[in-house]
Amino acid sequence: MGSTGGLAWPALSPAQHATLRFSKRMSSKYVGFLILALVVLTGAAGCLSTAFQEVTYGGDALRVFVENTDRPVENAVLQVTIMEVGALEQHEVFSEARYIALDRGQNEYTVPVDLQPGSYKLFLTIFVDGERRTSVIRDLEVAA
């Protein structure tokens with residue numbers, strides 16, 4: 001009988017010993033792979049090149065702030081969809097997609113729109129070269 005951590009184990013056959021050794025080797029390989037995958041994912045999480053910052057409404061327009069840490073892009077697309085939220089329903093009140101220049105650093109875009117007092121959901125997306133680079137859903141309350 002062997003002893004592991006104070007627990008007594010019954011005698012193992014040679015086949016069981018081989019299976020246990022194989023299992024330990026495979027476990028250590030998977031643990032190594034898992035650690036490598038976590039390191040890669042953690043590194044990639046910090047590489048988000050474009051992100052929506054503050055979004056405000058000023059009576060006749062949305063002001064959308066975007067931070068870009070990647071290279072400048074001349075023909076990015078900013079898509080804005082606004083849904084009015086009511087009692088158990090929502091309906092689209094505004095939708096627009098426009099080309100924007102996405103400079104490095106802080107960017108500000110003004111989207112003219114007339115919203116009545118109420119609750120809204122904003123769906124904001126930026127596309128670069130036909131691929132979605134970033135998107136966000138925000139709540140917006142317009143006061144009377």
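Thr-50 touches Val-66, Glu-67, Asn-68, Leu-102, Ile-126, Arg-133 and Thr-134, where residues up to four places away in sequence are not counted and contact means heavy atoms within 4.5 Å. This is a predicted model, in which local features need pLDDT of at least 70 and side-chain atom pairs count only at pLDDT 80 or more, while totals for chains, interfaces and linings use all residues. Residues are numbered from 1 along each chain as its sequence is written, and side-chain values use heavy atoms, with hydrogens and water left out.

**Thr-50**

- Thr-50 lies in strand E3, which covers residues 50-57; strands (E, at least two residues) and helices (H or I, at least four) are DSSP runs, numbered from the N terminus.
- The relative accessible area of Thr-50 is 0%, so this residue is buried, a word that stands for under 20% relative accessible area, with exposed being over 50% and partly exposed in between (1.4 Å probe, protein chains only).
- The side chains of Thr-50 and Arg-133 are joined by a polar contact of 3.2 Å, that is, a pair of N or O atoms within 3.5 Å, of which, within protein, one must be able to donate a hydrogen and the other to accept it, and for which residues adjacent in sequence count only if both atoms are side-chain atoms.

- Strand E5 (residues 73-86) pairs with E6 in the antiparallel sense over 12 bridges, and Val-73 stands opposite Leu-102 in E6.
- Strand E8 (residues 118-128) pairs with E5 over 9 bridges, again in the antiparallel sense, and Thr-125 in E8 is the bridge partner of Gln-79.
- E8 and E9 run antiparallel and are joined by 11 bridges, with Phe-123 standing opposite Ile-137 in E9.
- The hairpin of E8 and E9 has 2 residues between the strands, and in this hairpin Asp-129 takes a positive phi near 55°.

**The chain as a whole**

- The protein chain holds 1 helix and 9 strands, and from the N terminus on its elements run β-β-α-β-β-β-β-β-β-β.
- Of the 144 residues in the protein chain, 27% are buried.
- Among contacts in the protein chain with a separation of 6 or more, 56% are between residues 24 or more positions apart.

Definitions and conventions
Pairing = 2+ DSSP bridges.
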